[in-house]
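Please open the model in your viewer and keep the sequence beside it, so that each selection can be followed in both.

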Amino acid sequence: MAKAESNVSDGLTLELIRESLIRQEDTIVFSLIERARFPLNSPTYDKSYASSVPGSCGSLVEFIVKETEAIQAKAGRYENPEEHPFFPDNLPPSQVPPHKYPEVLHPAAMSVNINKIIWDMYFNELLPLFVTPGDDGNYASTATRDLECLQALSRRIHYGKLVAEVKFRDERKDYEPAIRAQDRDTLINLLTFARVEEAVKKRVEKKAMTFGQEVKLGDEGNKGKYKVNPAIVSRLYGDWVIPLTKDVEVEYLLHRLD
Ligand SMILES: C=C(O[C@@H]1C=C(C(=O)O)C=C[C@H]1O)C(=O)O
């Protein structure tokens with residue numbers, strides 16, 4: 001069987017986890033590029049636009065996310081501890097044969113889900129920065145692209161649980177006193193690697209330049225035009241993705257000894 005994208009089954013190492021985070025950058029950058037094909041399309045986010053849809057009590061994007069999550073839950077998506085739903089209440093149970101995911105994380109991991117914060121960040125702060133204003137009527141496609149961005153960001157940010165687990169195992173004697181004291185500041189200091197963070201921000205900027213360039217035959221060049229502004233991708237990581245990943249790391253660690 002092909003090796004799953006999850007690396008945790010065959011020994012948890014910081015190197016393997018970082019490799020996965022680097023791979024996930026590709027997904028995030030591409031999903032932003034795909035969303036940026038459409039303008040803002042504000043009716044997608046307007047409750048009144050979707051009010052005639054039976055069973056919907058929110059915006060079209062909420063309707064698409066809830067319904068898609070319900071289908072994916074039945075197909076077993078949320079049995080994987082690396083996946084987190086945006087609307088966890090009333091999700092239907094999985095209807096597929098269970099898969100035995102490796103039990104790597106402490107059970108307290110189950111209670112860490114910061115998707116509400118990711119949702120608000122994405123719609124209120126990030127989206128207006130990287131899409132053009134306007135309306136082309138493609139609201140369902142727009143909402144589907146939003147869901148892909150949200151799922152990619154959520155998966156990356158909640159990967160912080162695995163990062164925290166491996167760092168804890170590697171330096172248990174440093175982490176344990178801070179966890180017992182519920183000392184968030186010390187935990188943040190222990191798990192922060194400033195040089196890694198700088199490299200992540202530079203790499204995602206470069207990926208946005210590489211993946212988002214206009215590919216032309218001949219030598220017209222790209223003229224510095226990108227499908228998503230590389231500086232915004234770097235800012236997405238610096239201002240939100242990395243800090244939120246660290247919040248997940250800390251929340252997980254605070255309960256690591258429960
Ligand atoms: C994820 C890690 O932990 C922290 C968070 C980082 C991130 O979100 O990219 C990078 C470095 C660390 O400060 C890591 O060490 O790789």
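Which residues does Leu253 touch, not counting residues up to four places away in sequence? Select Leu253 together with Ala164, Phe168, Tyr175, Ile179 and Leu187, which are the residues it touches, a contact being two C-beta atoms, placed from the backbone, within 7 Å.

Before going on, note that this is a predicted model, in which local features need pLDDT of at least 70 and side-chain atom pairs count only at pLDDT 80 or more, while totals for chains, interfaces and linings use all residues. Residues are numbered from 1 along each chain as its sequence is written.

Next, colour by secondary structure: the protein chain has 9 helices and 0 strands, where helices are DSSP runs of H or I with at least four residues and strands are runs of E with at least two, numbered from the N terminus.

Finally, select the ligand, whose surrounding residues include Arg18, Phe193, Glu197 and Lys246, each counted when its C-beta atom, placed from the backbone, lies within 6 Å of the molecule. Both α8 (194-211) and α9 (230-254) supply at least two residues of this shell.
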